[in-house]
Structure formats: structure tokens, C-alpha cells
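Here is a short report for a reader meeting this structure for the first time. Keep the sequence and the 3D view open while reading.

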Amino acid sequence: MRNQRIRSSCKHIIFFFGSHYRVEINLSKLAIYGVQNELLSAARGLLCSSKGCNLYIQGVRVERGESSHLMGDDYHHWGGQYDVFLSFRGEDIRKTFIDHLYSALERSGIYTFKDDVRLERGESIAPALLKAIDESMIAVVVFSKNYASSRWCLEELAKIMDRRGPHTLVIPIFYDVHPTQVRNPDEQGYFGDNIISQHQHHPAKLETWRKALKDAGNLSGYVLNNTADGHEAKFIDIFVQYIWSKLPDMISSEDERLVGMKSRIEEVTSLLLDVESDPVRRIVGIWGLSGIGKSTLAKAVFRLIKNQFQAACFLEEVGEESKRHGVRYLLEKQLSQLLKVNDLKINNECDGDQIMRRLRFKSVLLVLDDVDHLDQLDVLAGKHRLFGPGSRIIITTRNRQLLVAHGVDEIYQARLLDNAAAIRLFSQKAFKDNCPTKGFEDLSYEVIHYAGGLPLVIKVLGSALCGENLTFWKASLQKLRKQGPHGDILKKLKIGYDGLDKEVQETFLDIACFFEGQEQEHLTRKLDSFDFYPDCSIPILVHRSLIYISKENKICMHQLIQEMGRHMDREKPRRLWRTKDVVCVLKSSKGIKNIEGIVLRPHKRKYIDMAAESLRKMRKLRILEIGHECSVRGSDYLPSKLKWLIWDKFPSKALPPMFEAVNLIGLELSCSSIEQPWKDKKVN
């Protein structure tokens, strides 16, 4: 449902949901009843119910309906299929003016209907054409000398004028005729002669066509010869800008790709500022973890504002494309789009600088999506001062430090979806609706909880579950809980991990497997003892959106990022945090020599037999933590490389006599039976 501003003169407004429901509000009663919350509840109930029927609440009437639009004094209807419908006389201007106009509209992202099929003589207007008019928001009627000689054109015009109003905006272009000739078709002149001489044998329709011409001729429109001195190219540029300004909210919050994005789009757009009033060049970075919707947000903003610039370019997957083809390839692609030159080639850096200079007086909008290295910014955006005043650059990345190092003007941190937006996006993918199907509500909310507001995960899981029965859903959720993220999700999330240095990767894996949620200062001591350089690695992980520091100064991460990290370690296990994995390794001894850490914090009582023979094989063990709900039999041996020993309710009165604590840094034995840690020994 599109948000609209309602003028005080508006008496009522009707919201239509799909083809089934509508909510009619008597605005005069809003002040009396304070109906906002009830309206939201009623709308939510309708959207999530298949029953409907007439419902009356204070100031609001809810009933079944057949329309799919929202009506009010301040609203232009969006039919859904096309932005613009072109009506024209083909033999006059199809291969000239119309071709150029259509291409310009399409290049600007304005979806346009242009009929390229000729009707046989005498055939009535095609149903597909009528449907296209119905589903277009703006009808552009191009009047040329022979327009009125075509019965088809006149039928088309009559349909357009009949639909004109809150549903469709009609904009005439007077190509080589004057508006007075169109609104007075019976007067002498070539245009008027056409309707008189050609259509006298259709007296029943002649009056309808005359009225349609008269009404269209009285509309505010464009006269080619009076605009841009008659230069068609300049005229088309001006006209496309005008069309763009008339399209209300091209980026609809109802678009399933953009659920929950409207406020984000507004926030980023405000950071870019109004181009016309701010001649300063400006760079804005969009930063966040993989799958959070950075690219979707950048595309939406690009689509919304690109027509305010003289040149625009959106480069997708800059990091991946740079690895495949090199940065020069991307620069060639960027300049080709900005200069509208096909297959532009750059032989060396001087060539690039020389070509770039051609943009020094143009306002440019450039989006560099998914950048992962500073070199890419240096080449593609480093010389942005060569762009003209008012230029804007948007950079999306997982790495905040890249934006800081490049000196961007603003950094926008992408946010996770809230529960309402998440359930809606999931429902669109899983049920092709805005809310869950009856019987699937609880399972849907389980999925949403698992996804944690990450749009990528919501979309992937929704698509995977679409059309399946309850048994399949339950089995899939059980599999997710046991095995972790879906392959496509894992692949996307893992991108941020792959580019890390070894020490930073080890820090990340330790946090994911053992330390998520721990206080930063205490965790830093542990990581420092492992030679992971936490004062460097933790900021890097924050900049890469792999972890964040909470208000309580705890190291936290998104649950799916944590699962990704744990999945990475399970491929070649070096860390054990699940009781069953510890039991398995101790029993089979498979991979036991590679184990570096055991951290067990079970929520209910668990019993483990940790024999000295098994522990002797763990020569790399650096941390051993046993929680208070874990009962361990056998504590008479500890590896000498151990740096942290944390053991609630340690069962013995002393540490093993053979334990050489030369590497031990941290010792925590709360609620234990211990009386003297070492008998006749001192810690070195």
C-alpha cells in the first residue's frame, strides 16, 4: 500500500488490497474516533485472512472489492504494467521521432508501451492495446499531420481520454500541428480535413472522436516547434525529464524486492542531497554485512535519482568483476556507460585520463557496487574531481575501512529488516502473498527468527519452501538447525571471511565457535595470549561487518555469521563446542591431534569421560573450558601448551601433578573442590 499525503479537502480515501479487499476511511471521523490503530489492525487482519466480508469499525468500513488501486484527491493511479503508453501515427513518425523518444524513455528506466504491429484495414482496436492503455500510468499522445486520418488512432485516443483522470495522466505532444488544429478538427486545414474526409462513413463514432480531439487539444502539453527551438534531440531530453517528474514514487515500497526499504531509500537520498541546489561533488558509502541489501538499496536510489544527472552508470559486483577481468575492463565499462559509447577501449592510464576529461563539465551519478579493494576505488572513483559539479558517487562494500581510507563524505550503515518487513518479504517468496498461509504461521515465524532480519536468507529460504507441505517445512527447519545455512546463503556469507588474513580468520573462528557475546576486554586478553593481535583483528572484523560491539561492550555477531564460522571450522575441526563432537573425537581419536580448543557450556547436565590418553594426544590444545552443567570423569592429565583453563566445579583437590603450566595465562576454577592448585609446584 503506497503512502500518500492527503489534503485536508479530501472527504474520504479507499485502500484496495489486491482484488479482494478495501478499507474506506471517513476522514471527518478521524479526529473524533482516533482511528489510526484500528485501521492498522483492520488492514492487518484483512491481509492475513481469507474470509473478509463487510466489517464496520469506528470511522472505517471494510468490505470486499474488485479494484486494485487507491483513490483520493491527491493520487495518480499506478496500473502496474507500464509507466508510459505511446499513441502515434506510425506512417508519419514511427521510424524517426517515436524511435528516438522510445529509446530515450527506455534508457531512463521508464517502461514504455510502443505498439509495433499494424492492424489490418477495418479491424477494431486490439484487446491487447486496450489492456496496455488500462495498465499504463501516463499516456503520451503524439499528434502529427495524419494522426486524425487513422480510425485506429482515434479509437485509441477516445479510450485514453475516457480513462483520463485519477487513473491515467494524458500528455499531448503537438509534433507538426498546432493545438488549435487538434481541438477544432472541423476547421479548415490539413489535420481537420483528415477527420472530415476519412471518417464520414462512421457517423456514430465521429462525434466521440471529435470530443476526444477537442479535450486532448485543450490539455497542457508540448508543442515541438515552441520547445528547444524545434530541435528534436533537445526536446526529447526535456520531455523525458518531465515524464520522470510526473511518475509518483517510481520506487514503491510495495515492490517485493524493496520491502522495508522506503525509509532507507529516503535516508540515503538525503545524504546525497539535492543535486541542483548543491554543486559540490559528493561520495556516499553504503556499508553492511553480506546479504543485508546494500546492492538493492543502491539500485533503488540510482533508479530514483539518475535522471537528475547528465550521465549515469551502475557497475555491479566490482570486486568479482575486477578479479575476473581486471580494473581496466571496469573502467572501460564505466566510461562507455557515462559517455554512451559502445565498446570503448583504454590502452593505458593516459588514455583513461584523457577520456575521463570529457566528463569534467557533466554532472555524473556513479554507483560502484560491492567494492572489496582500495585499488578499485582509486581507479574508478579516485579521480572523481574530473566529473562535473553536482556529481554523486555511491559505493557499496562490506568493508567500512575502504570507505574511510577513500575519504567518503558520508557512511550509511545498512540495517536488518524488522519482523514486520521480514514476514512480508518471506511471505511474498513462500506464499506469493503478503502474509503466511493459514496453518503455516508458526513455522514462518521460526524461519524469520532463524534468518535474523537478513533479506538474502529470507528470500532464499522462502523460495526453497514455496509450494511445499507442512511435513517438508518441518523437516527443512530441523535440517537448518542441525546442519546450518543453506549452500547459497553460506556461499554469500563466506565472501567476507575469505579475504581475511590468517590471524584475523583465526580470531573470527574463535569468536564464532567460543566467544560470541563475551565482554571485549576479557576476550581481548584471551585472543592476545593466542598471538591473534586482537587490537588489530577486532577492528578489522567490525569494519568487515562480521562482528559488532554492543552497547554493553560485548563482542557480538549475527547468528548466521556465527553459523557460517562454525561451518568453516567443521570442515577441518580444530575447535570443539558441542558435547557430542567432543565425545565422538575422544572415542574415535579422528583428528584429535589438530584440536586447539574445547569449550563446553551445555544448558543441561552432560557427562563426558575425558581420559588422560585422549588428552595426551591433544598437543595443540590452548584453551579448555568446562561449564558447570558438564560433569567430566578423568582430570588427571592436562596438555602443557594449555594457555587458558576454565573449569567450573573442578572435581579434584589439586591440578594434575604432571601438568606443566609453563604456558598457562588464565586459570578460572569457580565452585571447585580444589584446595591447592599445585602440589610442590609453582607456575612459571
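Strands β20 and β22 run parallel, joined by four bridges. L624 has L645 of β22 as its bridge partner. This is a predicted model, and the pairing belongs to an open sheet of five strands. The order of that sheet is β17-β18-β20-β22-β23, with parallel pairing. Its edge strands are β17 (575–576) and β23 (666–668), each of which pairs on one side only.

G597 stands opposite I623 in β20. From β18 (residues 597–600), two bridges lead on to β17, also parallel.

Which way do the side chains of β20 (residues 623–626) point? I623 and E625 point one way, while L624 and I626 point the other way. All of these residues are buried.

In general, most residues other than glycine have a negative phi. K649 is not a glycine, yet its phi is positive, at about 60 degrees. It sits in the loop between β22 (644–647) and β23. Its relative accessibility is 43%, so K649 counts as partly exposed. C671 also has a positive phi without being a glycine, here about 55 degrees. C671 lies in the segment after β23. With 68% relative accessibility, it counts as exposed, because the cut-off for exposed is over 50%.

Now turn to another set of strands. Is strand β7 (residues 136–143) largely enclosed or open? Eight of its eight residues are buried, so β7 is largely enclosed by the rest of the structure. Strand β5 (residues 82–87) runs parallel to β7, with five bridges between them. Y82 has S136 of β7 as its bridge partner. Strand β8 (residues 169–174) pairs with β7 too, over six bridges in the parallel sense. In that pairing, V141 stands opposite P172 of β8.

| Strand pair | Bridges | Residues facing each other |
|---|---|---|
| β20 and β22 | four bridges | L624 and L645 |
| β5 and β7 | five bridges | Y82 and S136 |
| β7 and β8 | six bridges | V141 and P172 |

Next come two helices. A packed pair is described by the angle between the axes and the distance between them. Helix α12 (residues 318–325) packs against helix α13 (residues 327–339) at an angle of about 120 degrees, with the axes 7 Å apart. The two helices are therefore oblique to each other. From α12, the contact uses V318, E321, S322 and H325. From α13, it uses V327, Y329 and L330. Four residues of this contact are nonpolar, two are polar and one is charged.

Finally, the whole chain. It contains 27 helices and 23 strands. Of its 684 residues, 49% are buried. Among contacts with a separation of 6 or more, 67% are between residues 24 or more positions apart. The chain exposes about 34,100 Å². Carbon and sulfur atoms supply 49% of that area.

Methods:
Residues are numbered from 1 along each chain as its sequence is written. This is a predicted model: local features need pLDDT of at least 70, side-chain atom pairs count only at pLDDT 80 or more; totals for chains, interfaces and linings use all residues. Side-chain values use heavy atoms; hydrogens and water are left out. Buried means under 20% relative accessible area, exposed over 50%, partly exposed in between (1.4 Å probe, protein chains only). Two strands pair if DSSP finds at least two bridges between them. Axes are lines fitted to C-alpha atoms, for helices over the stretch in contact, and angles run from 0 to 180 degrees between N-to-C directions. Angles under 35 degrees count as roughly parallel, over 145 as roughly antiparallel, 65 to 115 as roughly perpendicular and the rest as oblique. Contact means heavy atoms within 4.5 Å. Ala, Val, Leu, Ile, Met, Phe, Trp, Tyr, Cys and Pro count as nonpolar, Asp, Glu, Lys and Arg as charged, and the others, Gly among them, as polar. Accessible areas come from the Shrake-Rupley method with a 1.4 Å probe; for residues, only the protein chains shown count as cover.
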